[in-house]
Amino acid sequence: ELQIEIINPKPRYQYSVTIESTGMYTGTATMLSREKGKKLIYSWQPSFPASYDVYVHELERNRYGAHVKTPLIQPSPLSITISTDQISSTSGGMEALKERARSTIPCQSVANMNIFSRFDGDWIGPDVHLEADTLRTGWTFVPSEAMNCTFETFSQQDLLSLPEKKSIHVIGTSKERGVFLALADLLLSEDEKFHIHKSVIGQCWGRVNVTKGNLELVYQDFRVAQFEAEDAEDYVECHNDLIAKDSGKFIDNATSVWHEVFRDESSWPSTILMLSGKGESNWDFEYHTRSFVETLPSSWNGTLVFTDGYFSPRLAGLSADDVNEKYRSKLEEYLETMDDERIRWIDGKGISKEQRMHAEFGPEFVTRSQHFHRFCNESIIDDSAGTLNNMRVCGNVTDLMAQMLLGFTLGEKKEYTEKMHQNEATDMKLTYCFDCPKKLLPFHIAPNPQLTCTEGPLHERDNADDEETKTEQTCPQSCMSQGISFSFGSQSDTVNVRQCPVSTIPQVDLTA
């Protein structure tokens, strides 16, 4: 075990400790304790001998965006060498790591509901040659011995060879949209996804469906932070000078959308990734999460995977180990309470922390973005046949989550491969349908939206800055004159939130 101490940490600052071996490993150290005003102690357990670099970034709280660099504190980066005799017997070294990567059962086949609630393991790079399933970048996540499973990976050809119709629904915010985009990037050809970064699906704040062959991908924007408390009076919410939530209960529309998903049994989703409100100030497990689970049809045999606000490179497990343990224990408590073998809950802190330095904005901007995905143009080998394809959406974490959802949807890879091409779809034309507002605000959860459908490659969306297409609404002056309820940091600035009861706003302001 390696311990790193940060002496005299600054107030209002956090520290990110990343350990890397180029092309072989990336991981982070966990804070063990914090002696107020004196020092921080971090711990890291190497899994195999190698030369490593230790990076310690200084993070000012509540400052976000691509303009806010996170400096390294001296003397990092610090080079260290871990020898064979310094590897603990519990880690077992490189051979034990390779054995763990190839001998465990697929994660989608594990019956234990808590399989992802203590998300831990090693990110191993392409230079190690694990002889195991890898992501498109060549990186592999090897789950811990406690998880005791392996993430199988599926290629584009695997997806196009589906013998029956399947669908994956991603219900969340822009962080979860990154997983939807990773799935779309895997499914579509180079020509079809060339404009994905400028297309309507690249940044949709409503609903979008993408269908090719027998696979349908659905994204629904789902702003759980705006869900009202059960006994809350109807209110208008403003973010700075713009309306974020109009009058009317936001959770009512969200519930209607959920019922719509299961209205027609012939189109029930195979797998759902859904954002819960855990981590939000007004979140209530019973009202905001369990209420959705309890309306699942008893005959539905799919998988519902919850994520939460801690799935984010901005938070990324920066808290101390005892805080992380309380969080993981709560996830297990929620799963026990729901008592439904179709439910999983991802440890957002665990899955986020190891790739903290490789999120949307890159190593100079650690935790400054809440997104793991970024638009890119990187050549990769897409399958065992050596097919060259370009990734247009990059991010190891979002790719891993996409493969996890595919595992639940397609089943174990060995069995799926044996039945591939049976009743395979003959029409491989891409179809995408959407109802996507031109602007983020006001937030948009619309049941039964009127979708616009298009066939063929993705095209650039219409100009979102046209005056005729703007959907933003100015906050009523009567609300702006009220006090700020709370503030939070966005990708670009500080957002002041006002929650104004409808009873305090003149009717003329509500209808203006």
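In this predicted model, helix H7 is the top contributor to the lining of the second largest pocket, handing over 4 residues. The pocket itself holds about 840 Å³ of space. Its lining runs to 30 residues, and those closest to the centre are Gln-45, Asp-120, Gly-121, Ser-144 and Lys-353. Besides H7 (321–338), the elements that give two or more residues are strands E3 (25–28), E4, E5 and E9 (121–124), plus helix H8 (348–353). Sorted by class, the lining comes out at 13 charged, 11 polar and 6 nonpolar residues.

Two of those lining strands, E4 and E5, also turn up in an open sheet of 3 strands, ordered E1-E5-E4 and paired antiparallel. E1 (2–7) and E4 (30–35) sit at the edges with a single partner strand each, so one side of each has no neighbour in the sheet. From one strand to the next, the twist averages 20 degrees. As for the pairing of E1 with E5 (residues 39–44), 6 bridges hold the antiparallel pair together, and Leu-2 is found opposite Trp-44 of E5.

Then there is the helix packing. H3 (residues 174–187) meets H9 (residues 396–410) at an angle of about 75 degrees, the axes being 8 Å apart. Since angles of 65 to 115 degrees count as roughly perpendicular, that is how this pair is classed. On the H3 side, the contact is built from Gly-178, Val-179, Ala-182, Leu-183 and Leu-186, while H9 brings in Thr-398, Asp-399, Met-401, Ala-402, Gln-403, Leu-405 and Leu-406. By class, that makes 8 nonpolar, 3 polar and 1 charged residues.

How values were computed:
Residues are numbered from 1 along each chain as its sequence is written. This is a predicted model: local features need pLDDT of at least 70, side-chain atom pairs count only at pLDDT 80 or more; totals for chains, interfaces and linings use all residues. Side-chain values use heavy atoms; hydrogens and water are left out. Axes are lines fitted to C-alpha atoms, for helices over the stretch in contact, and angles run from 0 to 180 degrees between N-to-C directions. Angles under 35 degrees count as roughly parallel, over 145 as roughly antiparallel, 65 to 115 as roughly perpendicular and the rest as oblique. Contact means heavy atoms within 4.5 Å. Ala, Val, Leu, Ile, Met, Phe, Trp, Tyr, Cys and Pro count as nonpolar, Asp, Glu, Lys and Arg as charged, and the others, Gly among them, as polar. Two strands pair if DSSP finds at least two bridges between them. On a 1 Å grid over the protein atoms alone, a cavity is a set of points where a 1.4 Å probe fits but cannot get out, and a pocket is an open set with protein on both sides within 12 Å along at least five of seven lines; lining residues have an atom within 4 Å of a point. Grid points are joined across faces, edges and corners, and a volume is the space filled by probe spheres set on the points.
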